[in-house]
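Subject: Structure handover

Hello,

Here is the structure we talked about. Please open it alongside this note; my findings follow below.

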Amino acid sequence: MGIAALNPSYGLDCLHMPIHSPWRTDFPGILALAAEGQTYLDSAATAQKPQAMLDALLGYYAGGAANVHRAQHLPGERATRAFEATRAKAARWLNAPAAEQLIFTRSATEAFNLLAYGLEQRFQPGDEIVISALEHHANLLPWQQLALRRQLKLVVLPLDHSGLINLDQAAQLITPRTRLLAISQLSNVLGSWQPLAPLLTLARAQGALSVVDGAQGVVHGRPDVQALDCDFYVCSSHKLYGPDGVGLLYGRNDALQQLAPWQFGGEMLLHTDYASATFRPAPLGFEAGTPPIAAVIALGAAIDYLGSLDASAVSAHEATLHAELLSGLQQRRGVRVLGSPNVALASFVVEGVHHADLAHLLSEQGIAVRAGHHCAMPLLQGLGLSGAVRVSLGVYNDGDDLQRFFNALDQALELLQ
Ligand SMILES: Cc1ncc(COP(=O)(O)O)c(C=O)c1O
């Protein structure tokens with residue numbers, strides 16, 4: 001028996017207009033999940049993949065795998081060319097001045113760890129690292145642990161009532177003692193674009209390095225690292241419709257020169273004997289060992305795919321879906337949306353209902369959303385919450401997905417409220 005049959009009023013509660021995604025059929029994963037009765041609304045955790053990217057992933061292996069940067073044979077040269085082509089594509093995607101300013105890591109998380117270890121010797125006891133109250137654990141723990149190792153102070157910028165980093169307080173807290181500012185472009189919990197420009201200006205005025213966590217932001221708009229004028233920008237492939245296992249770290253040339261190598265092994269060195277070694281500059285000096293070759297090549301295909309879409313049509317589609325999501329949530333009794341989300345996602349709590357119970361009942365109805373602390377435990381604690389439910393959208397989602405979500409939500413709330 002379908003949900004509509006269980007409660008005939010659901011048929012009346014339809015979206016304002018049909019919302020169609022012209023890109024849905026490009027994503028076999030979303031179609032496979034739909035065939036299983038699953039509605040995927042967790043793209044902020046990881047996105048489904050376009051066929052073009054899957055073809056590139058398989059194509060690298062099926063066409064003859066080879067290691068990069070070390071072989072003179074044809075398969076090795078071909079793999080190296082394809083691998084380096086992704087670096088150039090990603091650099092163009094981020095508007096980095098040169099491909100050499102992009103380091104491939106295994107994830108965004110690894111990029112933050114690279115920075116924390118690579119910059120470690122630049123800090124003196126008493127120096128301050130400034131983050132914000134909404135950071136993902138990936139942009140919190142590497143700095144927290146660095147602060148503990150080097151006796152630094154971790155300063156946390158508070159948020160205003162709408163969930164944005166409070167600029168007045170930031171102006172007080174970013175001081176000559178600040179050596180580094182590390183902040184998110186788009187919160188993975190609150191879905192709000194953060195006021196990066198004034199924050200980066202404050203950091204620059206104090207001579208501090210800046211790190212921008214673009215893990216969510218990179219997906220919803222073409223980031224321009226030159227316009228941002230940050231020292232480092234971090235993001236990961238799997239949220240950008242690419243494969244998992246690849247992260248990207250952009251650095252300004254002078255900032256990259258401040259990094260010491262942090263992982264040691266093959267291909268990252270110029271010369272070694274038993275007593276000592278000299279290392280390559282970025283990017284290869286920070287890519288020790290065999291990199292995730294197939295995944296990097298496939299990321300290139302994902303970027304090509306995204307580049308082939310009409311960017312304004314994608315933004316309009318995302319905005320329409322997001323507006324429907326927010327308005328549907330706001331109409332429901334007891335539902336409170338956290339912060340003021342601008343794009344792509346909404347986290348919410350329901351009065352008197354535990355987020356885990358709600359997520360469980362949604363999952364039983366084939367709705368895949370995320371529930372919990374969203375790897376931002378201190379933020380949730382600060383909001384007085386143990387967790388929240390998050391719905392997040394990709395280009396392939398459509399109005400029917402939202403309708404199924406709202407039907408399931410109503411059904412679940414009827415049981416729980
Ligand atoms: C804002 C933000 N930063 C960093 C990360 C970490 O990314 P990854 O898991 O790819 O290392 C995530 C992942 O959810 C995120 O949402």
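A word on confidence first: pLDDT is the predictor's confidence in each residue, from 0 to 100. This is a predicted model. The protein averages a pLDDT of 95, and 96% of the residues score at least 70. Treat residues 1-12 separately: the pLDDT there is below 50. That stretch still has 15 contacts in the model beyond near neighbours in sequence.

Next, the annotation. An unreviewed UniProt entry assigns "domain: Aminotransferase class V" to residues 39-405.

The largest cavity holds about 90 Å³ of space. It is lined by 13 residues. Closest to its centre are Ser 43, Ala 44, Val 219, His 220 and Leu 393. By class, the lining has seven nonpolar, five polar and one charged residues. Which domains supply it? Domain 1 (3-49 + 310-416) and domain 2 (64-307) each give at least three residues.

The second largest cavity holds about 40 Å³. Its lining consists of His 69, Arg 70, Glu 267, Leu 284, Glu 287, Gly 289 and Pro 291. Three of these residues are charged, two are polar and two are nonpolar.

Best wishes

Technical notes:
Residues numbered from 1 in each chain as written. Predicted model: local features only at pLDDT ≥ 70, side-chain atom pairs only at ≥ 80, totals over all residues. Heavy atoms only, no water. UniProt positions renumbered as here; feature names shortened; annotations may be inferred. Contact = heavy atoms within 4.5 Å. 1 Å grid on protein atoms, 1.4 Å probe; cavity = no way out; pocket = protein on both sides within 12 Å on 5 of 7 lines; lining within 4 Å. Points joined across faces, edges and corners; volume = space filled by probe spheres on them. Nonpolar A, V, L, I, M, F, W, Y, C, P; charged D, E, K, R; others polar. Domains from an automatic or database assignment.
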